[in-house]
Protein chains: 2
Amino acid sequence: MPRHFSRLIIATWWLALRCFTVVQAAPGGTIARWDIFEVTQSGPADGNPFGDVEFGARFTEGAQTIRVNGFYDGGGTYRVRFMPETTGEWRYETFSNRPELAGRTGTFTVTPATAGDHGPVRVAHTFHFAYADGTPFRELGTTCYAWVQQGDALEEQTLKTLATSPFNKIRFCVFPKNFDWNHNEPVYYPFEGTPPNRWDFSRFNPEFFQHFEKRIGQLRDLGIEVDIILFHPYDHGHWGFDRMGAANDDRYVRYVVARFSAYRNVWWSLANEYDLLESKQTSDWDRLFQIVQASDPAQHLRSIHQDKIYYNHNQPWVTHASIQNSAAVLDYGRAMVYRDVYRKPIVFDEVKYEGDIPARWGNLTGQEMVLRFWTGAVVGTYVGHGETFLDPHDVLWWSKGGVLRGQSPARLAFLRQILNDSPAAGINPIDKWEEIAIGGQPGEYYLAYFGNDARSSWPFELFHTGVADGMKFKVDVIDTWNMTVTPVPEVFELKKRDAYYFADKDGRAVTLPARPYMALRIRRVH
Amino acid sequence: MPRHFSRLIIATWWLALRCFTVVQAAPGGTIARWDIFEVTQSGPADGNPFGDVEFGARFTEGAQTIRVNGFYDGGGTYRVRFMPETTGEWRYETFSNRPELAGRTGTFTVTPATAGDHGPVRVAHTFHFAYADGTPFRELGTTCYAWVQQGDALEEQTLKTLATSPFNKIRFCVFPKNFDWNHNEPVYYPFEGTPPNRWDFSRFNPEFFQHFEKRIGQLRDLGIEVDIILFHPYDHGHWGFDRMGAANDDRYVRYVVARFSAYRNVWWSLANEYDLLESKQTSDWDRLFQIVQASDPAQHLRSIHQDKIYYNHNQPWVTHASIQNSAAVLDYGRAMVYRDVYRKPIVFDEVKYEGDIPARWGNLTGQEMVLRFWTGAVVGTYVGHGETFLDPHDVLWWSKGGVLRGQSPARLAFLRQILNDSPAAGINPIDKWEEIAIGGQPGEYYLAYFGNDARSSWPFELFHTGVADGMKFKVDVIDTWNMTVTPVPEVFELKKRDAYYFADKDGRAVTLPARPYMALRIRRVH
């Protein structure tokens with residue numbers, strides 16, 4: 001992230017924290033594309049409005065009509081939220097099984113997006129992401145599973161940390177966590193009832209969700225996508241949110257989608273380590289995915305994260321593969337296989353964490369964390385960050401947020417800058433059967449990474465795809481750890497060497513400093 | 001393969017070549033389990049019997065009835081072939097849209113399988129194979145794409161070579177091949193018509209299929225499974241078998257399945273490099289798979305082989321993943337990813353070939369070929385062999401068969417012997433996130449491979465899964481290239497070292513000879 005941009009964020013984030021978090025237009029007014037238009041109505045508060053009352057609206061512009069489910073927000077208030085994706089004159093009409101909530105109509109105008117708003121993130125170029133307006137989204141995520149359950153002081157500290165961090169995506173859970181270094185009770189509970197485990201799963205606690213969506217909105221205003229984890233196994237029956245049964249699961253998912261889907265920065269992660277949730281079968285996950293797919297008018301990204309047994313990411317409702325594999329980017333080859341078998345963006349949401357806990361999944365050095373990011377990046381995949389440094393108050397970033405202490409985030413900001421300058425079509429393997437540590441776009445852009453290999457030179461040669469005799473290239477030597485970019489003065493010119501490779505016509509090589517963690521950026525001179 | 005067994009095969013194969021190849025029982029007689037029971041009837045020879053006449057039989061034993069499609073074999077002869085999978089008293093009744101072919105009945109007795117017949121190969125233990133009687137099948141395949149199109153002299157030489165080779169599976173095409181080193185016209189064509197490209201795709205040439213199934217039967221008698229490739233792109237429009245259109249494709253597949261499915265050694269490979277067959281879409285392959293699945297009463301193994309774009313091997317009709325990836329077993333990690341994502345047996349049917357052609361996919365050394373097999377084996381996957389040595393008469397094993405010249409087959413025979421002595425449940429990764437070059441069954445059997453690493457010792461330590469203090473193990477040092485097994489005199493005894501590993505209680509190590517291609521076999525002493 002460029003420095004001036006970081007400062008801008010710092011300057012604005014306090015403001016953002018104090019603003020309303022649902023951007024909304026009064027009916028009849030105007031709203032910017034990809035903001036949230038909200039219709040609020042009063043209605044019955046008796047019985048169980050969460051289950052008894054159906055409420056929603058149809059939004060129409062030109063030939064398109066989009067059906068959006070609403071939700072009950074407590075105190076007799078019903079809401080329906082809509083993220084318009086096209087500018088123009090829109091009208092809406094509510095529907096309900098209660099006459100007093102049905103048939104209300106209104107109009108509003110959707111104006112072009114506000115500056116800096118690129119819309120929701122979608123899959124682009126098969127293996128990559130882009131915002132809805134086409135701007136590439138170079139995913140660089142972190143994980144703070146339960147940061148939103150920690151109370152305002154720590155949560156606001158986490159937001160402050162994120163405001164200057166390189167991360168543009170964060171994974172976290174809806175439900176509280178009961179796991180090592182995180183046995184504290186949350187501030188809010190998602191259902192009506194009495195802690196720890198006497199809940200009426202048919203009645204949601206609006207306060208919980210108002211708090212949660214405030215955090216989503218604040219992250220949106222910081223330019224950060226939220227990968228919302230709908231289920232996880234770290235309840236262990238303490239609250240019982242991991243074993244509510246199919247009917248309660250379905251109602252919960254519908255409610256969450258109705259509340260959150262109008263936030264443009266939402267991604268759906270069906271679960272963390274789904275295969276450890278023993279009360280659910282694959283058919284349950286299939287059904288839950290399909291509920292999200294059918295009920296989310298914005299069609300936000302959908303994935304699921306596993307421990308040992310992979311979900312079938314080839315299912316059509318999975319938009320990208322979210323993979324836990326501690327060893328995924330120990331080499332370049334595995335990452336490439338994931339691309340081949342799924343033909344979707346590959347996000348390694350867990351490859352171990354930078355930290356110093358005894359468990360081997362949480363004691364990477366900063367160097368090793370950064371090495372894994374670069375390894376994944378040059379083969380066109382996306383690696384995720386996490387941090388697990390022991391703390392006297394058990395505030396580990398990976399679980400509770402707080403501050404970042406590791407050495408990797410600064411280097412990941414540098415990586416993000418390099419990726420921001422890479423081709424819009426993304427980085428793909430160039431010669432995946434032989435020279436696998438070089439990715440890019442053939443004939444235009446190459447990113448080579450040498451990892452632990454402390455070599456002193458690299459003979460200038462490129463795989464034959466997309467190149468020809470006489471093409472000229474400039475090279476930057478990149479120190480990924482010390483965060484320097486050093487242009488090489490020479491211009492290299494290609495000449496065919498054999499059936500597979502073209503080399504510099506004068507046989508020149510690029511000099512390297514015989515240190516690890518070096519990379520090369522090779523760009524065509526037109 | 002044990003030596004004495006090889007000799008036995010040599011002694012019997014000439015006999016096998018001269019015998020009938022369809023084992024058949026006269027109606028009313030007896031047949032062994034998994035042999036072929038054939039019903040022959042005379043019927044109409046006018047019109048187009050291949051398309052006009054429906055013919056088949058229902059086979060009944062106890063409560064089970066199996067519907068089997070028949071086929072027209074020319075000259076007014078109709079046949080239906082059946083491979084009974086259970087012993088007992090069977091009866092059959094033919095069905096047809098022609099009264100003269102319908103309603104014929106008969107009975108026969110199925111006796112236990114003949115010695116050495118273990119039935120068809122099935123998936124076992126998720127990632128492995130076993131014969132129908134439960135005997136593990138340690139897949140060790142080779143490829144001779146067009147060996148069956150080369151005329152009797154060369155074809156019989158190929159059979160003779162296979163009789164003493166280590167291979168228990170061979171991949172080859174139904175259709176002839178028009179590709180480098182194989183531009184000769186075949187002896188037989190599958191359709192009526194005039195070469196090269198004036199065919200009546202609605203009329204099969206029985207002589208072609210009689211010849212082809214003779215070869216299937218001969219391979220069966222040598223104990224070799226046949227991976228029959230139904231389509232391939234190496235026609236390039238010369239004969240046009242690569243672009244017949246959906247109706248002709250479907251009729252052809254039904255005919256092939258009706259003729260061959262009673263051979264117990266059949267596997268179906270829908271295609272080689274399916275994604276290079278530009279006239280077919282994924283939906284065509286889905287349909288063809290489903291035709292095979294629905295019409296094959298024996299439910300033989302089904303797979304498909306790709307060039308660059310993977311078929312979705314998670315589809316339920318795919319029994320195992322047949323993968324082409326030149327780099328699949330350059331390390332251990334990629335092979336493991338394939339297992340994780342497909343949860344089916346992984347067969348690397350193409351990882352480059354031993355040979356000396358200029359193309360980089362066909363010039364591996366014998367050492368490199370063997371290294372790749374061992375790399376795949378210790379992570380519980382199956383690597384395929386091929387050989388491409390230049391020949392003055394263009395007889396390359398990979399395409400035409402003939403003789404084997406490489407250094408790898410003898411070492412692969414040695415590997416097969418090691419695998420034959422491994423646990424019935426197969427070799428699986430032990431600690432796939434860290435020490436990935438050791439596979440086996442936790443607490444019982446481990447196979448460690450060191451590849452190019454010429455180490456002089458290996459500290460005796462095992463991952464914690466399935467082991468406990470006090471367990472004792474014996475070790476064999478295996479030289480995979482020189483084909484020696486050297487028992488280590490010591491018995492090692494485990495003691496817990498840390499949260500992840502157990503080590504020898506006295507801290508002992510296994511001495512190694514500081515050469516590449518070494519392996520260890522570690523077996524529990526009970």
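The contact between the two chains takes 18 residues from chain B and 18 residues from chain A, where two residues are in contact if their C-beta atoms, placed from the backbone, lie within 7 Å. This is a predicted model, in which local features need pLDDT of at least 70, side-chain atom pairs count only at pLDDT 80 or more, and totals for chains, interfaces and linings use all residues. Residues are numbered from 1 along each chain as its sequence is written, while chains are lettered from A and ligands numbered from 1 in the order in which they are written.

Of the interface residues of chain B, 100% are also interface residues in chain A, so the copies meet through the same surface.

Within chain A, the domain assignment, which is automatic or from a database, gives domain 1 (3-111), domain 2 (121-420) and domain 3 (430-525). The centres of domain 2 and domain 3 of chain A, taken over C-alpha atoms, are 35 Å apart. Contacts join 15 residues of domain 2 of chain A to 14 residues of domain 3 of chain A.

Two touching sides compare by residue class as follows; Ala, Val, Leu, Ile, Met, Phe, Trp, Tyr, Cys and Pro count as nonpolar, Asp, Glu, Lys and Arg as charged, and the others, Gly among them, as polar.

| Side | Residues by class |
|---|---|
| Chain B, touching chain A | 9 nonpolar, 4 polar, 5 charged residues |
| Domain 2 of chain A, touching domain 3 of chain A | 10 nonpolar, 4 polar, 1 charged residues |
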